[in-house]
Amino acid sequence: MSLVALVLGVALAAGAVLLVALPFLREPEVADDRLDAPTAAEEERLGLIEERDRALGALKELEFDHRAGKITDDDYRRDIGPLRRAAAGALRRLDDTPDLHPQPVTETNRGETMSEIQPVPEPTPPPDEGTLPIPDPVTEPYPPPDEADLPTIPQE
Amino acid sequence: MADLGRAALVVSLGLSLYALAVGGYAAATNRRRLAFSARNALFCAFGSTLIAAAVLAVALVRHDFSFQYVAAHTNRTLPTQYALSAFWGGQEGSLLLWLLILTGYGALAVALNRTLLRDLVAWVVPVLGGIATFFAFVLVAVASPFDTQTAPVDGAGLTPSLQNPYMVAHPPMLYLGYVGLSIPFAFAAGALLSGRTDERWIVATRRWTLAAWMFLGFGQLLGSHWAYVEVGWGGYYAWDPVENAALMPWLAATAFLHSVMIQERKGMLKVWNMVLVALAFELSVFGTFLTRSGVVNSIHSFAKSPIGSWFLAFVVISSLFSVALILWRLPLLKARTKLESALSREAVFLYNNLLLVALSLTILWGVIFPIVTQLFKGESRTIGRPYYDFFLRSFGLPLLLLMGIGPLIAWRRTSVRALARVLALPAAAALASGVLLVVAGAGSSRPGLIAYTFSSFVLATIIVELVRGTRATGSLFALVSRNRRRYGGYVVHAAVVLLAIGIAGSSAYGSSTERRLTTGESMKVNGYTLTLRGIVHPPNQNATETRAVFDVHGRWNGTIMSGDNQYRNPPEPSREVGIKTDWLRAEDLYVIADDINTKTGVIYVKVLVKPLVNLIWIAGIVFLFGSLVALWPDAREQRRLVTRLAPARA
């Protein structure tokens, strides 16, 4: 092995060791060395959020499919009630979980730790699950649901 | 400098092993600093592999023949771009490229998700470390690109057929695809290991899967075009085991991209999605095993080498690991809902999945059949083109039809009446085009006619969806930018339609004629008359060129040349076909001149007329565009992910 290669190889190894050891060099002593994993309550809440998003997404899809003529008015009337009840249920269960509400994150507050994010109120009230809606005649087939947007509650 | 490359690989191996062992221990014992340390080791593994790759690249460009690898795959006359492409032209170099992409992808995926999915990433690191350890070990101990020798005066050179611009891009594309499938696999395994089987791993890896799938698909089309213009047998896909090795994981990944949408919307098919991710990854490694072990005969495979057994062991171990993980976590993968109707979009996706996986496994059986017969009967028996063509038609045509039905059918359930209403227009368009095709004489091939009719149906559904949307939003750009994934998917569907039309046109309606010709004689082929004008030897520094010159009359008038090159270093022949493209018809006149006798002026010539074949290459560009639309970063989606994960991280 040439001397240059030896020196470069040793330097490479030393640099790698330094970087690998960096977390311990930065924080030699820590009070809490546990991984920042969600607690059981947070896991449950994550599940509820997924359930909510899914229910609201299903509502939006139903609206869109109805507008696009992919389902009949009868099918729409049959399906909208259970879906709204499911969405309302998911929202209520989420609402019943205190101090763990969804929090908006912007470009500025997206950081290494999410604990600094400020809570915000629920975006919209849940729908009235007691009143089954009768869909208005819709002439406009589009726009399709924007899956990238946050789901919204259908307005009564 | 070979020592530096070797040292860098040893450092990569050590770091990967550290990421595997220490990362696994840190995740299992919930130790933050140790997990970060393992994560850094993965980052550093990329850095050290990059140094190793740079050493080899410099050696290739400088023609440093003291490197055995450089001497075996290049020579002094090789242009720089092909000297660089020799990086992946040989066994050891391509393995180094694999490790480089793997550690690079891994470092990037971990870095991008280190904040939001910290608990999940802690388990992803050891999985990626495990895969990297295997490749680094093979490079250090079994197939090193840094073995040295006393430098010879010149190298052996690169195989002539690899001295083609397509070979500069095709293999890296395939590797980006193969290796890219490691990322969704690592996140899926991480989700199972951590017990966090919610949707986060899917959201985090959606674009990685799409990107890997895009590279794999586009890489295959580049390879097909290379075979078409360079190998010179008149086709673009031969169901060669190594070609199939790239197709199988692509089909599995296609199934996953569809079924994952059902999990996102309905919370269903969690086990199925895990199986698909693992299947796609295992098939990609299995494909590598096929290419490198020498167990199957293929023009694409590397020379037989001892690394085959290492790869086989890795495939077996990682498959067992995947199966054990899924079985262990089955209780967490239970579906929350069930399929509500056989007439729903999710049901159509499920049918599509079954067909895709069935096609993939059927191809797998065809690929391993020679190995199985060798093992159990003592003689290797291969499966030919009719087998693959039969299953391509049996599964491919229904898939094409489902591709049209899927976008039109509602989620959850739909009535027959509503379905009939939305299908009416596209079905009418398909029927009309079918009748027109029969009138035009396309009824000679039933599969071709069905493929064209189904293609018309799919195109009609896409156009209906796009026109409706554009009318409502006022602009196509606004429509697509609001839901890139959906409309990018439609563009990809259009690409598949073009591909189907191109394949059906060139295979079902093509013509082929073979003749022995002497100078001055003519032959007629499907609207063309070719007259052999003579035989010439164009000047070439690296090879002796022999060309038969034909005067062509008919739908196109001009001159076309075909023949072969006899290269000096390495001393290998290369067939050089003559292709004239009629872009208006997307048709090729394809001339293969063989056994050229310069003294007597006698040649054997095969002339193919391949209608619509160029739609296949156009499909590649459309596919690439649609994939890019679908995976283009969306800031709103990122915000949605952050918002969703915020409570879990608070």
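**View 1. A right-handed crossing brings together α5(B) and α8(B).** Handedness here goes by the near helix: clockwise from the far one by less than a right angle is right-handed, anticlockwise is left-handed. This is a predicted model, where local features need pLDDT of at least 70, side-chain atom pairs count only at pLDDT 80 or more, and totals for chains, interfaces and linings use all residues. Residues are numbered from 1 along each chain as its sequence is written, chains are lettered from A in the order in which they are written, and side-chain values use heavy atoms, leaving out hydrogens and water.

**View 2. Residues where α5(B) meets α8(B).** On the α5(B) side, the contact (heavy atoms within 4.5 Å) is made by B:L102, B:Y105, B:G106, B:A109 and B:N113. Helix α8(B) brings B:S182, B:I183 and B:F187. Sorted by type, that's five nonpolar, three polar and no charged residues. Ala, Val, Leu, Ile, Met, Phe, Trp, Tyr, Cys and Pro count as nonpolar, Asp, Glu, Lys and Arg as charged, and the others, Gly among them, as polar.

**View 3. The packing angle of α5 and α8 in chain B.** Residues 91–113 form α5 and residues 182–194 form α8; the two pack at about 50 degrees, with axes 10 Å apart. Axes are lines fitted to C-alpha atoms over the stretch in contact, and angles run from 0 to 180 degrees between N-to-C directions. The pair is therefore oblique, a label for whatever isn't under 35 degrees (roughly parallel), over 145 (roughly antiparallel) or 65 to 115 (roughly perpendicular).

**View 4. Chain A, with three helices and zero strands.** Helices are DSSP runs (H or I, at least four residues), as are strands (E, at least two). Of its 156 residues, 41% are buried, meaning under 20% relative accessible area with a 1.4 Å probe, protein chains only.

Notes:
Buried means under 20% relative accessible area, exposed over 50%, partly exposed in between (1.4 Å probe, protein chains only).
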